[in-house]
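Subject: Structure handover

Hello,

Please find the structure below. My notes on what turned up follow it.

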Amino acid sequence: MPRVTLVESVNLALARALADDADVVVIGEDVGLNGGVFRATAGLQQRFGKLRVQDTPLAEGLIGGMSLGMAAQGLKVVAEIQFMGFLYPALDQIANHMARLRHRTRGRLTCPVVIRMPHGGGIHAPEHHSESLEVLLCHHAGLRVVCPSTPAAAYGLLLAAIRDPDPVLFLEPTRLYRLAKQDLLDDGVALPLDKAQVVRQGDDVTLVSWGAMMHETKQAAERLVQEKISCEVIDLTSLSPIDHDAILESVAHTGRLVIVHEAARNAGLGAEIAATVAERGLYDLLAPVQRVAGYDTVMPYFAMERAYIPSVARIVDVVRATLKA
Amino acid sequence: MTRFNLPDLGEGLQEAEIVRWHVAVGDRVEVDQPMVAMETAKAVVEVPAPFAGIVSALHGKPGDTIATGAPLVDFQSDAANDAADSGIAQGGVVGHMPETDELIATDAVGNARAAGRRARVLPAVRDVAQKLGVDISALRGSGAGGVVTLDDVLAARTVATYAAAAPMAVNAPSSMRPAMSLTETGELEVLRSLRRAMAQSMTLSRDSVMECTVFDDADIEGWLPGGDYTGRLLRAISEGCRAEPGLNAWFDGASQGPPAVPAHPRGHRGGYARWPAGAGDPRRGQP
């Protein structure tokens, strides 16, 4: 069983999909000859040829439109946006067309596109390289938004996303690309696209997070054990649709909820989760729902990154306060 | 010595030109401190120090073009293991990709857990229950889906107080309770919430408090019209109690005597107000 990083698991899943299905096409800036700025597509063009793995011009609007057209004609497109901050020019194609193709044609056409992109900061990159813009996508009906936090999840979910007939936005946590390894069987088995994962069971408080923030969230849960605080940790994984039932079931047990995300607090996905718990789980709450999030400001550049991204200490402080409420 | 090579400053850029150095040989730099401004095909970019140390060589002067991956700065680094590569081996990405030896366990955590659910209750009601000392886990909620309501908590509070203060009354045999039939009374109204609590409190008070009423006449002709009659009346009653301490005495039902204990050192007066939804202490406001 190979021991792989998250970016290597993405590469394995792409290779598996290209090998299994002749309709799968990989496109994007530098994905071919170069192998991707993060090496996610390394070796794929050499193995599958220039028709299956295509370099595009530096034009995200074109990548969106090209993916849409190819998908409407029956191909299964896996496009890469180099960083999530570069997504904006493609949003028109994604929100106004990809998300609506099934609806507009009354189910005659679907849009089997996966758009992969690095999500979040923490790698000391300059402006536009560290964005967490998931809510922009989650707000649109017709799109799935997925954000794995482990190599195994990335592998199984990317395969599921490619096999899904509808557009899937696949957010890859940049900071975790090479941070850790996991033993992974390259068996082509997909994971369910709309399920959250309980990654740690606990009794006192539920922590919900996704993507790179799972790293700090799990560390916070570990640190709180020393204070006899037992955290249940949920990896949301699917950002749209949200597996609300998994969260509500956990909150019914623990009575407390802290949501951790790197994106800005204002109108972040944490607000949607908190609102749903207020609607459907209020009777189970022992304390107000809390959010630990990025600040409502531009994501700062490398030197101030650590101050912006929620730290283990910030999560621990909020959990402590929640237990005193 | 640690060598820092020019990283790719913009995903796929081949080279960059030195605009100006911010550091000189011999300078001490900290992590993230800007070292040099480099102009690429895209923009002028400040290149930060990848680690702390002392600059031992600068590879180029302003105007020189440096190829991506070529030497840029040499350091006497504080720690050799700080000398992360400049990104080339990790791909052409701008920035630094963290790597550790962490191995993520593959074992899944089951979602199943033992049955047994906490009482479902609004936070505000839970708060009231806590203040009143009512254990909501012992209540059977009457709300939708078994939710414990405010009524449930108030009723539990009253019953608990009643049972503690007057066990005999609660446990009295049914023969001692007044018998009544619907034919005599007509349709009975079922008391709810505050009115039910009030009825139970009044029953409790009748059982535990000796009622005594004193009537007297007073000439208030001298009181000016429009004055604060309530205040004056209360002051008059206070004076009366001072003159006759027995009026301010109380009966201890628990010890059953003496019938009148010595006068209470402070005067106590109760108030009573009526509203459509019920009656009670005016200091608490309308229910």
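The crossing of α8(A) and α12(A) is right-handed. Keep in mind throughout that this is a predicted model.

**Helices α8 and α12 of chain A**

Helix α8 of chain A covers residues 213-225, and helix α12 of chain A covers residues 312-324. Their axes come within 9 Å. They cross at roughly 55°.

Which residues make the contact? From α8(A) come A:Met213, A:Glu216, A:Thr217, A:Gln219, A:Ala220, A:Arg223 and A:Leu224. They meet A:Val312, A:Ala313, A:Ile315, A:Val316, A:Val319 and A:Arg320 in α12(A). The residues of this contact divide into eight nonpolar, two polar and three charged.

**Helices α9 and α10 of chain A**

Helix α9 of chain A (residues 244-254) packs with helix α10 of chain A (residues 269-280). The angle is about 60°, and the axes are 10 Å apart. α9(A) and α10(A) are therefore oblique to each other. The crossing of α9(A) past α10(A) is right-handed.

On the α9(A) side, the contact has A:His244, A:Asp245, A:Ile247, A:Leu248 and A:Val251. Facing them in α10(A) are A:Glu272, A:Ile273, A:Thr276, A:Val277 and A:Arg280. By class, the residues of this contact are five nonpolar, two polar and three charged.

**Interface of chain A and chain B**

Now the two chains. The size of an interface is often given as the accessible area lost when the parts come together. Chain A and chain B bury about 3,500 Å² between them. Of that area, 54% is on carbon and sulfur atoms. Chain A gives 48 residues to the contact and chain B gives 34 residues.

How many salt bridges cross the interface of chain A and chain B? The rule finds one. The side chains of A:Asp284 and B:Arg120 form a salt bridge, at 3.4 Å from N to O.

**Salt bridges over all chains**

The count over all chains comes to 19 salt bridges. One salt bridge within chain A joins A:Arg16 and A:Asp186. Their closest N and O atoms are 3.4 Å apart. This pair links distant parts of the chain, 170 residues apart. A:Arg16 is in helix α1 (residues 6-20) of chain A. A:Asp186 lies in the loop between β8 (180-183) and β9 (197-200) of chain A.

Over to you.

Best regards

Key. Residues are numbered from 1 along each chain as its sequence is written. Chains are lettered from A and ligands numbered from 1 in the order in which they are written. This is a predicted model: local features need pLDDT of at least 70, side-chain atom pairs count only at pLDDT 80 or more; totals for chains, interfaces and linings use all residues. Side-chain values use heavy atoms; hydrogens and water are left out. Axes are lines fitted to C-alpha atoms, for helices over the stretch in contact, and angles run from 0 to 180 degrees between N-to-C directions. Helices (H or I, at least four residues) and strands (E, at least two) are DSSP runs, numbered from the N terminus. Angles under 35 degrees count as roughly parallel, over 145 as roughly antiparallel, 65 to 115 as roughly perpendicular and the rest as oblique. A crossing is left-handed if the near helix is turned anticlockwise from the far one by less than a right angle, and right-handed if clockwise. Contact means heavy atoms within 4.5 Å. Ala, Val, Leu, Ile, Met, Phe, Trp, Tyr, Cys and Pro count as nonpolar, Asp, Glu, Lys and Arg as charged, and the others, Gly among them, as polar. Buried area is the accessible area (1.4 Å probe) that two parts lose on being put together, summed over both. A salt bridge is a side-chain nitrogen of Lys or Arg within 4 Å of a carboxyl oxygen of Asp or Glu.
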